[in-house]
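Visitor: Hi! Could you walk me through this one?

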Amino acid sequence: MDDLLADFLTETNEGLAALDGALLKLEKAPDDRQTLSEIFRNVHTIKGTCGFLGLSRLEKVAHAAENVLGRYRDGSLKVTPAGITLILSALDCLKGIVSGLEGTGSEPAGDDTALIAALDAAWRGAAPGTPAAAPPAAPPEADPFELPAGEPVAAAPPAPQAAAPEPPPAASAPSASAPPAAPAHASRGSDHEGEAAGASGGGGASGPITPAQTIRVSVDVLEDLMTLVSELVLTRNQLLQLVRARSDAALTVPLQRLSHITSELQEGVMKTRMQPIGNAWQKLPRIVRDLANELGKKIELVMKGADTELDRQVLELIKDPLTHMVRNSGDHGLETPEQRRQSGKPETGRILLNAYHEGGHIIIEIGDDGRGLPAEKIKQKALAQGLATEAEIAGMGEREIQHFIFRAGFSTAAAVTSVSGRGVGMDVVKTNVEKIGGTIELRSVEGRGTTFYIKIPLTLAIVSALIVEAGGERFAIPQIGVVELVRAGGSAEGAQIERIHDTPVMRLRDRLLPLVSLSRLLELPQAADEGRRDAGFVVVTQVGANVFGIIVDKVFDTEEIVVKPVAPILRHVAMFSGNTILGDGSVIMILDPNGIARATGVGADGPSEDAARGPEGLRGHRSTERTALLLFRAGDGTPKAVPLGLVARLEDLPGESIEHSGGKTLVQYRGKLMPLVAMAGGWAPPEPGRRQAVLVFNDRDRAMGLMVDAILDVVEEHLLIEGASEQPGFLGSAVICGKVTDVIDCAWWLHQAGDDWFRGNGQDAVRRRVLLVEDSAFFRHLLVPGLTAAGYDVTAVDTGMQALRLREQGAAFDVIISDIEMPDLDGIGLARAVRESGAWQPLPMIALSGKVEAEQVRRAREAGFNEYVGKSEREALLAALSECLATPAIN
Amino acid sequence: MQTEMRPSTQRAVAVVTESAAAMFLTLTVAGQLCGVPVLAVRDILAAQAITRVPLAPREVAGSLNLRGRIVTAIDLRRRLGLPPREAGAPPPMSVVVEQSGELYSLLSDSVGEVLALPEEGFAANPPTLDPVWRDVSRGVHKEDERLLIVLDVDRILAIG
């Protein structure tokens with residue numbers, strides 16, 4: 001009710017203010033029908049609203065005034081100055097009551113009968129020249145401003161009115177003694193009294209109801225202000241540069257002040273345009289609820305980052321696409337409770353909305369844990385619609401196929417019914433997002449869900465940027481992505497740019513920082529001078545979770561810049577997010593750290609990374625399954641990688657400690673002899689005084705060391721091994737941090753340390769039979785040799801379905817180790833199927849997963865797993881195996 | 001307009017009775033006389049500092065500042081597949097045109113005059129014209145002593 005009243009007050013005050021002017025206009029031109037109907041409409045609205053709110057006093061006065069105005073409008077009564085005066089006095093009375101309402105929250109008591117009688121008389125056609133008794137108005141005791149002073153609650157007069165050009169509300173209508181022609185004037189006099197009184201005290205004990213402290217300003221005004229401020233910022237920058245060059249002390253202080261004020265002004269104006277994205281989400285819970293009822297689904301809507309602020313223009317444009325996408329997620333993305341139960345998911349589907357800032361962009365995620373995009377159906381649909389030929393589709397990756405849903409024409413009515421939807425208007429969504437310079441991406445795994453990522457750049461914004469030079473050209477790097485600035489090379493101390501097979505890197509506080517040469521990236525002429533090649537500055541930049549350095553020749557200054565979008569014909573250059581004009585009037589390109597990261601392969605592209613820390617409902621995303629990898633160099637320039645989980649320790653041994661005995665290289669390590677194996681052929685013991693980097697692998701009380709040239713870094717990457725290696729000791733190659741990297745076969749190297757390495761664990765005469773269900777070839781390669789060596793008889797299959805086929809064929813095992821996330825039938829489904837019936841029912845089962853999280857562990861145990869082990873924890877797996885097999889109850 | 005109108009021909013400007021639609025601004029690119037509809041032209045600028053845009057299409061010479069607005073400069077020589085300007089040649093002039101709210105500058109060797117081209121002087125592109133030229137030319141106008149190629153601004157800007 002209070003909110004309602006506050007809204008009413010704001011509106012009525014606006015209406016009354018407008019009425020004043022309109023009435024005066026009418027007085028001058030009594031035949032202006034447009035003004036007349038505007039006045040009538042205004043009074044009518046006020047009357048209607050206060051009737052609705054039960055404000056009887058207001059209503060009566062307004063009603064009487066409306067009657068008179070009605071006759072004016074009909075033309076049955078002539079507009080006279082006296083009539084206008086009468087109406088104006090009615091308005092003053094209304095204002096008095098309204099201000100009383102503001103102060104106390106209820107209508108002040110008062111008698112309006114004389115005024116109403118005068119109005120009624122005018123309505124009946126009596127000459128309105130005798131409103132001597134016209135506005136007697138509120139008696140003094142009801143005047144809110146004359147309540148005992150000293151009430152500290154006395155709010156300042158409401159801003160809208162204070163700011164309005166009209167006189168502030170009258171405390172009361174003019175006194176009864178006012179001469180007929182003077183009420184308006186009298187009211188003005190009492191206005192001042194009212195104002196003064198209002199400032200000194202007033203406000204009822206019940207607490208004043210202040211109307212919302214807002215004013216409505218036309219967006220055009222804000223836009224104009226924004227443009228002006230942008231120009232002001234640029235001019236200020238120009239001035240600053242001039243003064244810097246002249247070092248005129250007299251100017252410094254005022255200019256600093258100007259600079260300061262400009263910054264604050266800019267911030268303030270920016271703020272007027274910013275609105276939390278939650279405003280655009282307000283209606284979504286209701287929409288989702290209705291949708292759920294309508295479709296008989298259970299849907300939970302989770303909204304994160306609702307306070308992330310967006311430019312209101314952008315917000316308006318993004319609102320409808322967002323609503324549309326949420327509706328789509330609920331309608332087509334999520335399954336019915338029944339279907340969800342069948343596929344082993346909780347009945348309640350989840351739609352997750354998440355908004356956050358990243359590297360000068362705003363990312364909005366809309367995700368669901370529903371059925372995902374059905375690649376097969378999309379293929380068929382694309383074929384049927386002639387969007388692509390069969391050959392083209394055959395050559396397409398999953399992502400490309402999923403992107404068909406953004407194609408115009410894919411969203412026909414037929415698509416809604418036959419395909420699992422999603423195509424509905426997605427092309428329109430994409431167009432809308434792109435219109436504001438944004439991009440839309442999607443990640444979908446069939447059976448697991450779909451997440452859309454909308455990335456919106458801050459196009460119309462002033463940002464602080466670092467001005468750098470590379471290859472003779474200047475560029476701006478948005479400050480927001482810059483972590484620090486490092487001077488490289490030159491002197492002996494300090495950070496140096498080093499090279500691994502021509503790839504520049506830098507050791508920064510024990511971290512290996514990948515570097516990108518800006519001039520090389522932008523194909524600019526590089527400093528030819530070899531000596532200078534590695535001198536310069538490194539701008540350490542963060543994009544998402546990835547940190548990398550950009551090598552530049554010079555660093556100038558930071559400057560406030562107005563980001564302007566680049567011309568359409570340059571928009572395909574992903575390296576730039578915009579351009580701007582600097583203080584000296586020259587045009588400069590603004591670098592986009594996201595684009596640079598993508599172009600150079602520093603980290604995966606933005607969205608997939610967000611998914612890594614993204615919605616829990618999408619935890620099973622394959623693309624997000626990351627493995628911590630240790631990168632090192634040995635022998636040739638190609639970096640090598642090994643899952644970090646397999647490495648026990650990293651050592652840096654003094655060269656003197658390495659000994660040779662019986663053709664083996666050994667080191668005394670923790671009171672024992674540890675065999676050392678050189679990774680690279682032709683290894684020579686390090687010279688005395690130098691040190692040797694060693695990766696230590698551990699198993700029970702044994703250890704072995706792998707000698708490598710240098711340890712490079714630890715990265716989290718999605719490991720996708722391509723091309724099996726011919727070379728012994730390597731599983732194959734993978735692209736890690738944008739570089740081809742050899743992934744080593746640990747088991748093979750462990751064998752090099754001595755044949756007895758894996759012996760001793762499986763002394764059992766009977767080799768236990770293990771079924772390994774794992775869809776990742778890499779982990780199969782990794783686990784099978786290890787388990788075999790540990791004395792187990794291992795059968796490995798790709799998927800849960802294959803495992804069940806083995807069961808049908810009557811294969812027998814002692815234990816099942818299964819990955820959780822797999823296509824077709826996942827680990828959870830497999831466990832349920834095993835536990836349900838069949839010969840495998842009593843078998844111990846060990847769950848294997850890339851992630852160990854409480855929720856997953858619980859789900860796995862519920863499904864029937866006995867143990868839960870992280871994927872690369874070899875020791876834990878072996879321990880779990882022996883434990884499971886030793887428990888007699890299960891055997 | 002910071003323009004240096006240099007009459008490229010000695011002929012007097014045609015009587016300005018034709019509608020503006022038939023008026024063309026002449027410019028030369030590597031000796032070839034070209035014309036652009038005068039209504040498309042926003043500004044003519046003398047030599048300007050142009051910021052190169054790395055990785056841009058080769059036709060894009062860079063960006064320049066026109067009273068606070070960023071203008072993308074198109075090198076007409078490169079756009080038309082002509083050899084680069086000789087060293088020591090005077091810097092190019094900018095003919096600024098607008099297309100869907102964006103400003104572009106067409107870098108020309110020199111800017112001539114505003115001409116009214118009578119309808120009857122127009123001829124279609126000869127079929128043997130170089131495809132690059134045929135793509136951007138709206139037709140040829142037969143001048144007394146030489147030929148003028150009427151450039152289609154939209155086609156010129158359709159790069160990449």
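Visitor: Is A:His44 buried, partly exposed or exposed, and why?
Guide: A:His44 is partly exposed because 17 other C-beta atoms lie within 10 Å. The rule is that 20 or more other C-beta atoms within 10 Å of a residue's own make it buried, 12 or fewer make it exposed, and anything in between is partly exposed, with C-beta atoms placed from the backbone.

Visitor: Where do these names and numbers come from?
Guide: This is a predicted model, so local features need pLDDT of at least 70 and side-chain atom pairs count only at pLDDT 80 or more, while totals for chains, interfaces and linings use all residues. Residues are numbered from 1 along each chain as its sequence is written, and chains are lettered from A and ligands numbered from 1 in the order in which they are written.

Visitor: What does UniProt list for A:His44?
Guide: An unreviewed UniProt entry lists A:His44 as "modified residue: Phosphohistidine". UniProt positions are given in the numbering used here, feature names are shortened, and annotations may be inferred rather than shown by experiment.

Visitor: And where is A:His44 in chain A?
Guide: A:His44 sits in helix α2 of chain A, residues 33-53. Helices (H or I, at least four residues) and strands (E, at least two) are DSSP runs, numbered from the N terminus.

Visitor: Switching to sheets: what is the order of the five strands in the open sheet of chain A?
Guide: The order is β32-β31-β33-β34-β35, with parallel pairing. At the edges are β32 (792-797) and β35 (867-870) of chain A, each pairing on one side only. Two strands pair if DSSP finds at least two bridges between them.

Visitor: How many bridges join β33 to β34 of chain A?
Guide: Four bridges join β33 (residues 815-819) to β34 (residues 845-849) in chain A. Across that pairing, A:Ile817 stands opposite A:Ile846 in β34(A).

Visitor: Which strands does helix α27 of chain A lie across?
Guide: Helix α27 (residues 874-886) of chain A lies across β31 (768-773), β33, β34 and β35 of chain A, at about 165° to β35(A). Axes are lines fitted to C-alpha atoms, for helices over the stretch in contact, and angles run from 0 to 180 degrees between N-to-C directions.

Visitor: How many residues does each chain bring to the contact between A and B?
Guide: Chain A brings 20 residues and chain B brings 19 residues. Two residues are in contact if their C-beta atoms, placed from the backbone, lie within 7 Å. On the side of chain A that touches chain B, β18(A) gives the most, with three residues.

Visitor: Now chain B. What is the phi of B:Ser100?
Guide: Phi of B:Ser100 is near 35°, a positive value in a residue other than glycine. Most residues other than glycine have a negative phi. B:Ser100 lies in the loop between β6 (93-99) and β7 (102-108) of chain B, and B:Ser100 counts as exposed because it has 7 C-beta neighbours inside 10 Å.

Visitor: What about B:Leu55?
Guide: B:Leu55 also has a positive phi, about 65°, although it is not a glycine. B:Leu55 is in the loop between β3 (41-45) and β4 (60-66) of chain B.

Visitor: What is the mean pLDDT of chain B?
Guide: The mean is 82, and 86% of the residues of chain B reach 70 or more. pLDDT is the predictor's confidence in each residue, from 0 to 100. Over residues 1-18 of chain B, pLDDT stays under 50.
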